[in-house]
Amino acid sequence: MLPSQPLLHAGVFALTVLQALASNTFTAAVYEHAVILPDPTDKPVSPDDALALMNKNMDVLEGAIKEAAQQGAHIIVTPEDGIYGWKFTRESIYPYLEDIPAPVVNWIPCTDPSRFGPAPVQERLSCMARNNSIYVVANIGDKKPCNSSDPSCPSDGRYQYNTDVVFDPEGKLVARYHKYNLFMIETQFNYPKEPEVVTFETPFGKFGIFTCFDILFHEPAVVLVSKMQVDTVLFPTAWMNVLPFLTAVEFHSAWAMGMRVNLLAANTHKTSLAMTGSGIYAPDGARTYSYNMKTEDGHLLVAELDAHPRLTPASPPAVSWSSYALNVERFSQNDHEFTGIIFHDQFTFTELTKPEGNLTVCQKHLCCHLSYKMAGKRDDEVYVLGAFDGLHVVEGQYYLQICTLLKCKSTDLDTCGQPVETAQTEFEMFSLSGTFGTNYVFPEVLYSGVQLAPGEFEVLNDGRLINKTKPTKPVVTVTLFGRWYEND
């Protein structure tokens, strides 16, 4: 006699848990999804039409979840806006929203779908997790009624939140997170009254979750890691790449290294909006990643991670980010110091005019030191050392301290800081450091073709970012990206 379906599922789930408990590692997956978008409209569509559109996207996500499970993944992260897109007003997004309860209700939507009213999206996500014995992370919209007794209640009588949900391998809702740092175009959503710090325990470590723009701010991002001591961060995102520093794979990999945690970053895929770049990142570099501006395909990534990265021998040591730079004499200046703009911020630059040398460039309290040697100085490419110490105030307000070795777009110095994806100059060595006023510094090297360099560089205890081996590809940027949260 064949076992009943519930018993079979329970057996599979128990086996999955035992396998995870028996190992200090786990297998993670992220899926970069080319979202099927609704037709733009200011008027709400019917609930049936909204669900039909969401089911089209969930059909794709379900295929990715099944494939990830078949490859042994214990958890999969899907992107922000991955189920309905982003072309909405406050009114037009309403048919896509569901009432998402707090996880303390102990709810498996797959087996009890109507407990909190209609919830077809949560039911289907729960069943995807349950049927494949995998944690499923998705981004959907939450609606919460309010009334005039609440002075913050919107005029339409409801709060609307950009929301991440997590279902465990039994299909139970185990986490709900309302995005706190909304991007400037997210007028369809409300800000939560207080930042949420959402964590949950798994057989393979303590997990935290936040969304996209949140990663640039102290709450919840730094609080999750520094105070709550999570091992792994789940990160649904709809990230529009901004070269040369805020490219998704570059910054997300750097953040994982700087914060010394795992980061599972799933991006939406829309090349016309420069949306691409997903990865599975560890404190010692990217385990796997994808950056694709050539096609409109989705992409599944699967990799193994340490369950408790801080406890492994490979965990990077704590860094005193300004130790070297504060104690070294300022390198000799040259006569090529000038200013330029990178993503609306005015940097101070100095040109690398020789094939090797030592340079310093300063802005306000930040001095950036560079030692370098090129394999050969080319006449058709220009590199600069840049420093920025100030408040960025465009799509948000946050204080930055940045040191960067940067390829200019052309030999015209006015192009320094403009987006660049390719380079031909090869370096023999580099060493970059800065007099940072913050301990939150994120290091990364970006090669030609928007490729990362895991294992080819390291950060020394004294704050120097150096190459471990001769760089295997031409360099686009070498960057120390500092966030001075107290100055926001």
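UniProt positions are given in the numbering used here, with feature names shortened, and its annotations may be inferred rather than shown by experiment. The model is predicted, so that local features need pLDDT of at least 70 and side-chain atom pairs count only at pLDDT 80 or more, while totals for chains, interfaces and linings use all residues. Residues are numbered from 1 along each chain as its sequence is written, and side-chain values use heavy atoms, with hydrogens and water left out.

**View 1. The annotated active site.** An unreviewed UniProt entry lists Glu80, Lys179 and Cys212 under "active site". These residues are spread over 133 residues of sequence, yet they cluster in space, with a largest C-alpha distance of 10.3 Å. Glu80, Lys179 and Cys212 are included in the lining of the second largest pocket (on a 1 Å grid over the protein atoms alone, a pocket is an open set of points where a 1.4 Å probe fits, with protein on both sides within 12 Å along at least five of seven lines; lining residues have an atom within 4 Å of a point).

View 2. Glu80 sits in the loop between β2 (75-77) and α3 (120-132), helices being DSSP runs of H or I of at least four residues and strands runs of E of at least two, numbered from the N terminus. Glu80 counts as buried because its relative accessibility is 2%, the cut-off being under 20% relative accessible area with a 1.4 Å probe and protein chains only. Leaving aside residues up to four places away in sequence, Glu80 touches several residues, among them Asn139, Lys179 and Cys212 (heavy atoms within 4.5 Å).

**View 3. Lys179 and its polar contact.** Lys179 lies in the loop between β5 (173-178) and β6 (199-202), and it counts as buried because its relative accessibility is 1%. The side chains of Lys179 and Glu80 make a polar contact at 2.9 Å (a pair of N or O atoms within 3.5 Å, of which, within protein, one must be able to donate a hydrogen and the other to accept it, residues adjacent in sequence counting only if both atoms are side-chain atoms).

Key:
Buried < 20%, exposed > 50% of the residue type's maximum accessible area, 1.4 Å probe, protein only.
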